[in-house]
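Hi everyone, thanks for coming. Let me walk you through a structure that may be new to you.

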Amino acid sequence: MTSRMPQPAVVARGVYQLPTGRKQMASHVYLVRSGQGWVLVDAGWPSAEQSIVAAAESLFGSGTRPAAIVLTHIHPDHAGCAPALARRWSVPVYVHPAELPQAAGTLLDEYASPLDRRVLRPLLKVLPEGSMRAADMTDLVRPFDPAAGVPGLQDWTCVETPGHTPGHIALFRESDGVLLTGDAVLTTDLNSLSGLFSGATRVSGPPWIATWDWALAMASVAVLAGLRPRVLASGHGRAMSGPTAARQLEEYAATVGAGADAAAALQLPPIEYGSVAATRMGGPEVLEVVRRRLRSPRRGEARVRVEACSVSAVDVQARNGLSTYPPAFPFVPGYAVAGVVDAVGPGVKAATPGDRVVVMTEKGGYAEYIFVTTHPMMRISSALDAGDVVAVALNYLVAHQTLSRVARIRPGQAILVTGAAGGIGTALVQLGRLLELRMYGVDVPAKHPWLRDHGVVPLDVKGEEVIGALRLLEPSGVDAVLDGTGGGWTDIGLAVLRPGGVLVEYANPGSPASTLRLLARAIRHNLVPEGTRIRLYGTTSWRLDRQPLMDAWTTLYELLEARKITPVIAGRFPLLEAKRAHIRLEGGDVVGNLVLIAEGKSRAET
C-alpha cells in the first residue's frame with residue numbers, strides 16, 4: 001500500500017476496520033477473517049475500491065478475494081463500491097431480503113428518509129436528467145436468510161436491526177462479544193453539532209436525516225443493548241472495547257426510551273403490506289405487486305389502512321408517461337382512497353386511530369397502507385360503501401367543481417358533456433339531473449342506452465355531427481361544454497356555445513407542453529370581451545386553497561348518505577389486481593367507475 005492510503009486497524013481477533021471517505025463523512029468497512037478465508041462487511045464510498053483492495057492484500061496476501069461481500073444496508077456510503085468489487089473479485093453481494101428494492105439505486109417512496117424527501121428529490125427536479133446517476137446492482141445482490149447465519153462467517157450471527165433502513169442488519173460474534181453495528185448504532189454522534197465537528201467517541205443512534213423509521217431504529221438499539229457487547233464497531237466512529245462499550249450502549253438505550261418492551265416488540269414477525277407499482281413506462285404489464293415492510297408513521301403522518309382506491313384515466317395516463325407532472329418510475333398509482341387510520345405520528349391532531357377517512361392521494365393509493373401528511377383528508381361515515389366513497393372522492397369532486405365552481409351552472413340550463421358515460425361523465429349526469437339540466441352527451445354508441453335511460457340526449461363522437469345536431473336542438477347554443485378529452489374538443493366546444501357560455505377543460509392534456517398550449521389558448525381566447533370563455537380545472541388546485549375541495553366533499557358525502565347520488569360502479573377488483581382493472585379500463589367499454597377493494601372489505605369482481 002502507498003502511505004496515502006488508509007491503514008486497516010485491528011479491533012478484535014481477525015476483525016480489521018478500514019475507513020473510507022474523509023473526516024466526519026468517513027464510513028468504515030470491516031475485513032473479517034473466518035477459518036481459511038475472509039469476508040468484506042460493507043463496501044464504503046464509491047471511491048474506496050483501491051484502498052479496500054490494497055488493505056485486503058496487505059492482510060491476506062496478493063490476489064486475495066473474499067468469500068463474500070455482506071452489506072449491513074444499502075446506502076451509498078456503505079455499498080458504494082460493492083458493484084465494482086463484486087465484479088473485480090467475482091463474488092456475490094449478500095443483503096437482507098428487505099433491502100432488495102433499494103438495489104436499483106432509485107428513490108422509492110416506501111424507503112424515503114428525510115434526506116431523500118428534503119434534499120435529493122428537490123435536487124432531482126431541478127438538475128438536468130442523468131446528473132445524479134443511480135448505482136444499479138440488482139444483478140449482483142443476493143438475499144440471504146438471517147436465521148441461517150451470515151454468508152462466509154460461520155462463527156457469527158445476524159441480528160436484524162431494521163429502522164435505519166427496512167433490512168438493516170448487525171453482525172455479532174458471541175464467543176468474544178464483538179458487535180458490528182453498521183449504522184444501527186454509532187460510536188460518534190452525527191445528530192448533534194458538537195458530535196459532528198468534534199468526532200468524539202460516544203454511543204449514539206443512526207443519523208436521523210438518513211433514517212427510514214426512527215421508532216423502529218430505537219427498538220433495534222434496545223435489541224443491541226441486550227447483547228452487552230465487549231467490542232462495539234460501527235459504521236462511523238472509532239471502535240469501543242471493554243465494559244465502556246456495553247455501559248454506554250445501555251445508557252443510550254435508556255436515554256431514548258429503547259427498553260425491553262421496545263426490543264420485545266421488534267421480535268414480533270414484521271408486518272408486510274402490498275402495493276402495485278408501475279415499474280417503468282408502458283402498458284398494464286408494467287404493473288407489479290411489491291411487498292414492503294410496514295413502518296411507523298413519522299412526525300406529522302397518519303397511517304391509513306386502505307379499504308378502497310379509485311381507478312382513473314389519470315392513473316393510466318401517468319403509467320404511460322402522459323401527464324402534466326410526469327411521475328418518476330417506479331411509482332405507485334392511485335388518486336383517492338378510503339380507509340381507516342390505524343396509527344398516527346407525533347404532532348398529528350387532525351385524525352386519531354379508528355377514524356374512517358377519505359384521502360386525496362394523487363398517487364400511492366394502490367397499496368394496503370398509505371401515509372398521509374399534507375394531502376386532503378376528511379372523516380366519513382362508517383356506513384358508506386368504500387367503493388362509493390372513492391368514486392365520489394375523485395370523479396364526483398371533479399363533476400361538482402366543474403359544474404358549480406368553474407362553469408357556475410344554474411338550474412335548467414343546457415350542457416354538453418364529452419365522455420358522458422365515463423367515471424366523471426356519469427357523475428356529471430347525476431348531478432345535472434339534480435339541477436334539472438338539459439344534457440347532451442358524447443360517447444361511443446354502445447353507451448348510448450345508458451345515457452338515454454338517465455335523461456341525456458346521446459350524440460355521436462364525430463365532431464361535425466355534434467355541431468349539426470346541437471344547432472337544431474339548441475339553436476342559441478349550450479350554456480357550458482364540459483370536456484374530458486384534455487383539449488381534443490376545444491374547437492367543437494366553442495362552436496356549440498351560446499354567447500357568454502363557458503368551455504371547461506378538466507382533463508389531463510398529456511404533457512407539460514400540451515398543458516401550456518391549452519393555457520395559452522385560454523388566455524388569448526378570454527381576451528375577447530363578451531365572448532365565450534375557456535376555463536381550466538384540475539384537482540391539484542387544492543394546493544393553493546383546499547377549502548373548496550373540503551366544502552365539495554362535505555356536500556357530496558351528504559348527498560351520498562341521503563342516496564341522492566349513487567355512483568355507477570362497473571367493476572370491483574381486488575386491490576392488488578390493479579393490472580386487471582387497467583386492462584378493463586383501456587378496453588373502452590366501461591360505463592361509470594372501476595374501483596379496487598381491499599381483501600375482505602367487499603365483494604370483488606371475479
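Predicted model: local features only at pLDDT ≥ 70, side-chain atom pairs only at ≥ 80, totals over all residues.

Residues are numbered from 1 along each chain as its sequence is written, and side-chain values use heavy atoms, leaving out hydrogens and water.

Back to R563: its phi is near 60°, a positive value in a residue other than glycine. You'll find R563 in the loop between helix 16 (547–561) and strand 28 (569–574). Helices (H or I, at least four residues) and strands (E, at least two) are DSSP runs, numbered from the N terminus.

D42 also has a positive phi, near 70°. D42 lies in the loop between strand 4 (37–41) and helix 1 (49–60), and counts as buried at 2% relative accessibility.

P330 sits between helix 9 (313–319) and strand 18 (336–344).

Now for the inside. A nonpolar core is a set of buried Ala, Val, Leu, Ile, Met, Phe, Trp, Tyr and Cys residues joined through side-chain atoms within 4.5 Å. The largest one has 57 residues, and I415, L482, W553 and Y557 have the most contacts inside it. Helix 10 (residues 386–406) gives the largest share of this core, 12 residues. A second, separate core has 31 residues, including V306, I370, A581 and L594.

Next, a pair of helices. Helix 6 (residues 214–225) and helix 7 pack at an angle of about 145°, their axes 9 Å apart; axes are lines fitted to C-alpha atoms over the stretch in contact, and angles run from 0 to 180 degrees between N-to-C directions. Where do they meet? Helix 6 brings W214, M218, V221, L224 and A225, while helix 7 brings L249, E250, Y252 and A253; contact means heavy atoms within 4.5 Å.

Finally, A245 is found in helix 7 (residues 243–255) and is buried, with a relative accessible area of 0%. Not counting residues up to four places away in sequence, A245 touches P229, R230, L232 and M240.

Methods
Buried < 20%, exposed > 50% of the residue type's maximum accessible area, 1.4 Å probe, protein only.
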